[in-house]
Amino acid sequence: MKLRRVSLSVLGFLLASAVFSALPRVAPLMEGLSGSGQSPGYSRVPILCFHDLNGRGRYSITSATFRHFMKRLRDENIAVIPLAEVVERSQNKRLLEKPAVAITVDDDYEGAVRIAAPILREFGYPATFFVYTGGIHTDPAEGMSYDDLRRLLKEGFDVQNHSHTHTAFHVPRKGESAAEYEQRLVVEIEDSRKILEKNLMGHKIRFFAYPMGYHTPALRERVFKAGYELVVTTDARPVDLTRPFNGSFDRRTIELDGGVAELIFEQAIQIAKKAI
Ligand SMILES: [Zn+2]
């Protein structure tokens, strides 16, 4: 991701907020969703995307900030629901009775499994870990390992696919033939899934996160063709449960600790809390 993505995310949020507040409140949307058709519902679910937790680099926040965010969710009475539940609710247009977010953690950082997961467990929050197979070790002493991932699954967390090499493959490389490109997509999208399912005792891989958020409509179709139920981007828009499910969710990257991360996070809380 490039630096401009943050300002685009924030700008997108502001634009979306302006559009949203300009719309009339639509009570009929709730009809048929509950017995009376009267009860309020929450339709927008921000999906948060975290990376490492050592506080080094643009995409890493400190474990203290991460813990603070989890506490904020609890204090604000925001539910944390599994990504799979967001999919199910979106497919059935089933709104929420209380504000909610979903948590995802990307890449093969030790901090994801050994710092984020214990903090999440402490708060009782579910999360989906998107990992790329090329960076997972067999020896836990070397970094994130399959032992770590199997433990996550046993603890009730979800693990899903983030490709094999974590390189860009949204378009062919310069000079790459169609056959070569397709072979690369097979490795990134299909072989990686086989590797994960084999090493995770048949755990079903259903979701795919684009490396660095790069995607095109053609790549999306290719991922669906491989049998995935959901692709996730880093385009920052919350999931809107009133809209038809189209197999693609955007996520909000929590980045730039020390000010911006807090801003992005607090925006997500406000979005979740807006009832229709
Ligand atoms: Zn990534």
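Modeller: Let's start with strand β5, residues 128-131, which is covered on both faces: Thr128 and Phe130 are buried on one side, and Phe129 and Val131 are buried on the other. Buried here means under 20% relative accessible area, with exposed being over 50% and partly exposed in between, using a 1.4 Å probe and protein chains only. Strands are DSSP runs of E with at least two residues, helices are runs of H or I with at least four, and both are numbered from the N terminus. In a regular strand the side chains alternate between the two faces of the sheet.

A quick word on the source: this is a predicted model, where local features need pLDDT of at least 70 and side-chain atom pairs count only at pLDDT 80 or more, while totals for chains, interfaces and linings use all residues. Residues are numbered from 1 along each chain as its sequence is written, and side-chain values use heavy atoms, with hydrogens and water left out.

Now the neighbours of β5. Strand β4 (residues 100-106) pairs with β5 in the parallel sense over three bridges; two strands pair if DSSP finds at least two bridges between them. Across that pairing, valine 105 sits opposite phenylalanine 129. Strand β6 (residues 158-161) also runs parallel to β5, over four bridges, with phenylalanine 130 opposite glutamine 160. To get from β5 to β6 the chain goes through helix α5 (residues 146-154), and this β-α-β crossover is right-handed. That label applies if, with the strands pointing away from the viewer, the path from the first strand over the helix to the second runs clockwise. β4, helix α4 (residues 110-123) and β5 form a right-handed β-α-β unit too.

Stepping over to β4, seven of its seven residues are buried. Ala100, Ala102, Thr104 and Asp106 point one way, while Val101, Ile103 and Val105 point the other. Strand β2 (residues 47-50) is parallel to β4 and joined by four bridges, with cysteine 49 facing threonine 104. Strand β3 (residues 79-80) is parallel to β4 as well, through two bridges, and there alanine 79 stands opposite alanine 100.

The zinc ion has Asp107 (OD), His162 (NE2) and His166 (NE2) as its protein donors, 2.1 Å from it. Donors are N, O and S atoms within 2.8 Å of the metal (3.2 Å for Na, K and Ca), and water is not among the atoms, so sites may look incomplete. Along the chain the donors follow the spacing D-x54-H-x3-H. Aspartate 107 lies in the loop between β4 and α4 and histidine 162 in the loop between β6 and α6 (178-199), so the pair ties together parts 55 residues apart in sequence. Both of these residues, aspartate 107 and histidine 162, are buried.

Last, the rings. Rings of Phe, Tyr and Trp (its six-membered ring) pair if their centres lie within 6.5 Å; planes under 30 degrees apart count as stacked, over 60 as edge-to-face and the rest as tilted. That rule gives eight aromatic pairs. Phenylalanine 123 and tyrosine 125 have ring centres 5.7 Å apart and planes at 25 degrees, so they are stacked. Phenylalanine 123 and tyrosine 125 are buried.
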